[in-house]
Amino acid sequence: MIPAQADGGEPVRTYTLCGADGQPYQSPTPGALGGHRRGRLYGRLDCPSALRAIARGHYVTQRVFFADEATAVAAGYRPCSVCLPADYARWKAEARKHHSMNPITEQDADSRSPLISPADLAAHAGDLPLPRPHTGAELTALLGLLTGPRQRIDTVAIGHSRDEDSRTAAQAFHDVWTARGGHVLTVVDWPETAASWLRPARRLTAETPDAWVIAASVPGFAQLARRLRTSTDFDPARTVAFASLNTSRLPTLAGPGTLSGLRGASADGGTWHVRGAWVTSYPPSEVNARAR
């Protein structure tokens with residue numbers, strides 16, 4: 001809110017709203033809807049999920065306001081599943097028409113099953129890296145992705161496969177994060193095969209964290225990622241992962257766009273980033289240069 005001067009010298013309240021172009025502007029009336037800039041979602045001003053996040057003190061910097069729903073949609077935001085469930089359901093149904101989560105083979109163009117076909121899993125089985133013990137440099141780089149400039153991340157949800165290396169990596173992150181004063185909302189594990197993946201997906205997204213942290217093997221997480229994108233509010237752009245997922249086989253298995261925006265750490269202290277169907281890696285020297 002910015003005070004201005006009316007013709008008679010009396011201060012006039014103005015409010016900073018987000019326009020259809022995504023840019024802020026001043027309005028004499030407050031916004032009717034609130035939104036989260038990083039999550040690209042909008043909802044009611046009394047949304048319980050947003051109010052809980054604001055109460056924790058880390059949501060405010062990403063807070064935006066809209067005059068109406070049409071403006072929020074035009075700016076590229078989608079409805080909140082908590083306070084606008086009917087609008088969210090319509091948005092999700094429409095999104096599925098344009099972004100099918102079908103198996104890689106695309107044999108059934110009308111299928112919306114998030115499961116990867118056994119044939120596709122078998123075709124890539126020999127090329128998938130196995131989880132390995134995480135390194136100190138890897139853990140440091142992962143923390144750097146969450147604590148870099150302009151980051152205000154406090155709450156995280158941790159997910160991991162049930163193999164020993166993934167479990168150990170997840171625990172190491174948990175210990176370091178909480179020692180720094182951060183909060184862990186939940187820790188969820190999953191098997192390498194499951195009937196529908198819906199239960200771990202819902203547990204991992206039961207609350208809305210600032211970020212998700214993943215330590216996992218490729219086959220299980222690729223399956224889970226499909227379910228996360230079709231059935232929850234999971235956002236890969238708010239997710240970081242250990243080095244075990246640093247392979248272009250992951251977005252290939254998960255499907256086009258499913259994990260675009262996912263970032264991670266490499267064993268040598270570098271980082272990597274999923275863009276579309278590819279994983280781009282950055283050596284430690286580039287990571288350090290960008291941090292300065």
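## Close-up views of the predicted model

**View 1. Helix H5, end to end.** H5 is 12 residues long and spans 16 Å from its first C-alpha to its last, close to the 16 Å expected at 1.5 Å a residue (the expected span being 1.5 Å times one less than the number of residues). This is a predicted model, where local features need pLDDT of at least 70 and side-chain atom pairs count only at pLDDT 80 or more, while totals for chains, interfaces and linings use all residues. Numbering starts from 1 along each chain as its sequence is written, and side-chain values use heavy atoms, with hydrogens and water left out. Helices (H or I, at least four residues) and strands (E, at least two) are DSSP runs, numbered from the N terminus.

**View 2. The buried residues of H5.** Glu138, Leu139, Ala141, Leu142, Leu143, Leu145 and Leu146 of H5 are all buried (under 20% relative accessible area with a 1.4 Å probe, protein chains only; exposed is over 50% and partly exposed lies in between). What do the buried residues of H5 pack against? Their partners are H6, S10, S11, S12 and S13, where contact means heavy atoms within 4.5 Å. H5 (residues 136-147) lies across strand S10 (211-215), strand S11 (239-241), strand S12 (263-265) and S13, and runs at about 150 degrees to S12. Axes here are lines fitted to C-alpha atoms, for helices over the stretch in contact, and angles run from 0 to 180 degrees between N-to-C directions.

**View 3. The sheet of 7 strands.** This one is open and mixed in its pairing, with the order S9-S8-S10-S11-S12-S13-S14; two strands pair if DSSP finds at least two bridges between them. S9 (183-190) and S14 (278-282) are the edge strands, each pairing on one side only. From one strand to the next, the twist averages 25 degrees. S13 (residues 271-275) and S14 run antiparallel and are joined by 5 bridges; follow Thr271 across and you reach its bridge partner in S14, Tyr282.

**View 4. Helix H6 and His160.** H6 (residues 164-179) lies across strand S8 (155-161), S9 and S10, at about 165 degrees to S8. His160 sits in strand S8. Is His160 buried or exposed? His160 is buried, at a relative accessible area of 5%. Setting aside neighbours within four places in sequence, His160 touches Ser166, Arg167, Ala170, Val187, Val188, Asp189, Trp190 and Ala215.

**View 5. The sheet of 4 strands.** Here the order is S6-S4-S5-S7, in an open sheet with mixed pairing. S6 (63-66) and S7 (78-79) stand at the edges with a single partner strand each, so one side of each has no neighbour in the sheet. S5 (residues 41-43) and S7 run parallel, with 2 bridges between them. Tyr42 has Pro79 as its bridge partner in S7.

View 6. The protein chain has 10 helices and 14 strands, and 45% of its 292 residues are buried. Of the contacts between residues at least 6 apart in sequence, 64% join residues at least 24 apart. The chain exposes about 14300 Å², with carbon and sulfur atoms supplying 55% of it (Shrake-Rupley method, 1.4 Å probe). The average pLDDT, the predictor's confidence in each residue from 0 to 100, is 84, and 84% of the residues score at least 70. Residues 1-6 stay under 50, and the model gives them 17 contacts beyond four places in sequence. Residues 98-113 are also below 50, with 30 contacts in the model beyond near neighbours in sequence.
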